[in-house]
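Thanks for coming, everyone. I'll go through one model this morning. Have a look at it first.

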Amino acid sequence: MSSGILLSFIIGYFLVLLLISWLTSRKSADNDTFFVANRNSKWYLVAFGMIGTALSGVTFISVPGKVGAPSGDQFAYFQFILGNAAGFIIVATVLLPLYYRMKLTSIYSYIEHALGTWSYKTAAGIFLLSRTIGSAFRLYLVVIVLQRFIFDSYGIPFFATVIICLLLIWAYTFKGGLKTIIITDSLQTLFLVSSVFLSIYFICRSLDMSIFEAVEAVKNSSYSKIFFFDDFMTSHFHIGKQFIGGMFITIGMVGLDQDLMQKNLSLKNIREAQKNMFSFTGVFVVINIFFLCVGAMLYMYAAKYGVTVEKTDYLYPTIALKYLGVIPAIVFMLGLTAATFATTDSALTALTTSFCVDFLNFNKGKDVNSKANVATRHYVHIGFSVLLLLTIVIFNAINNDAVVSAIFKVASYTYGPLLGLYSFGLFMGGRQVKDKLVPFICLISPAICYYLSSHSTALFGYTFDNELILVNGSITFIGLLITSSAKKETLKA
């Protein structure tokens, strides 16, 4: 597959995104437009676009690859997805009404109201750290694919490839922000979903199967086991761990994350926001079924034609770009690009919003749309673009997949303290935390969980998986409870 053909399609793709950016921001590019799209978004566009944000390039590559991994994953990931669905419903029915009632721009403003200033800054800081590392990690993995299959042939160094990617993202988001992203993410989701369905079609054609024959083959294959009930103590795949972990990870990494919640807050009212979340949940579950089916079919293809790869993550790109032909290769690359940039552009906007509102206090000034504030927002947007660049370059300099994955894992632990902070605010209204101790509690909790993750099998004979986030949130909650006191109003009563 010619790298020139792939590159020309990606250039055309970004020209379309730049055109959308110009159309959506030419009349208004103030901070209300950038932060919340003037609270006038269409729920169906938000719901569809959120699929692209939720399914990153890592998911696009890793979920199909894990189906046939030596660890025996098969379709175990679907248990996690069912937990995700339960988490989305909780977010829609518990957290969204709270955010709309308080008319928030940054969801972390709630923590200031419930717990105090130090708690508020800690929550916002956790998001900035976690989302920066997470977004950089996801973009880094996909840039490696772009580098390997396109830019290496032109002698373009890795550093320059990252700059090109971030410049393109910055170019189509810096003016319109969320208003632009609502439209571009919908387009990118269309490419992503289409690539999954078309990949299934092309693989079926290569295997000389009809769609119905492929469904039956996947069903009868050694890859299709979904529910795992055995060995609760030591298995990562047990349904209890996967479901509970999926549910609480969704509450923490979606409901308590400025990125995905910012899109919900751009809608007119809570009714439309909930309609968006319920619709999104249904599509999210279905599309992940197809990702898993793609994985099973890729392994069947690899077995038939003797395709071998160094890592499971390389299976999908290797078969799509080297074996299936020109059109499938273009479809795959556009889908991968869409999944990656739908996640990164959204994160960049959310990081800028959170910093401007939570640390520069844009929501407390008289005129959020003043020229000075708009200019400041531009500088913050550039700053986070540079920060993502530096983080990706550091990942590449480390050049050790295990270390980079560990950094990403540590960053994911920080959503546990957010779970603890919000739970305490919601359920312990009669208690007042010692505000200045909160940052230390939120540092200690993930540290304990990282130790537990590494040593629990030896200490207790139990292996943690995604459910560790619940333990993380509980430790934070207990720490807040121990160091808190009854509010003065309660004492008087």
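Start with a definition: the expected span of a helix is 1.5 Å times one less than its number of residues. Helices here are DSSP runs of H or I, at least four residues, numbered from the N terminus. Now the ground rules. This is a predicted model, where local features need pLDDT of at least 70, side-chain atom pairs count only at pLDDT 80 or more, and totals for chains, interfaces and linings use all residues. Residues are numbered from 1 along each chain as its sequence is written, and side-chain values use heavy atoms, with hydrogens and water left out.

First, helix α3, residues 43-54. It has 12 residues, so at 1.5 Å a residue it should span 16 Å; the end C-alpha atoms are 16 Å apart, which agrees. Buried means under 20% relative accessible area, exposed over 50%, partly exposed in between, with a 1.4 Å probe and protein chains only. In α3, the buried residues are Val46, Ala47, Gly49, Met50, Ile51, Gly52 and Thr53. What do they pack against? Four helices: α9 (178-206), α12 (258-264), α13 and α15 (326-359). Contact means heavy atoms within 4.5 Å.

Next, the core. A nonpolar core is a set of buried Ala, Val, Leu, Ile, Met, Phe, Trp, Tyr and Cys residues joined through side-chain atoms within 4.5 Å. The largest one has 147 residues. Phe60, Tyr99, Tyr108, Met333 and Leu421 have the most contacts inside it. Helix α13, residues 270-305, gives the most to this core: 17 residues. Apart from it lies another core, of 6 residues, including Cys449 and Phe464.

Leu421 brings us to a helix pair. In α18, Leu421 joins Tyr415, Pro417 and Leu418 in meeting α7, through Ser119, Ala123, Ile126, Phe127, Ser130 and Arg131. Helices α7 (117-149) and α18 (415-427) pack at about 150°, axes 10 Å apart. Axes are lines fitted to C-alpha atoms over the stretch in contact, and angles run from 0 to 180 degrees between N-to-C directions. Over 145 degrees counts as roughly antiparallel, under 35 as roughly parallel, 65 to 115 as roughly perpendicular and the rest as oblique. So α7 and α18 are roughly antiparallel.

Last, backbone. Which residue between α5 and α6 sits in the loop? Lys103. Its phi is positive, about 55°, although Lys103 is not a glycine. Lys103 is exposed, with a relative accessible area of 69%. Asp231, in the loop between α10 (211-220) and α11 (239-255), also isn't glycine and has a positive phi near 55°. Asp231 is partly exposed, at 47%.

Conventions:
Helices (H or I, at least four residues) and strands (E, at least two) are DSSP runs, numbered from the N terminus.
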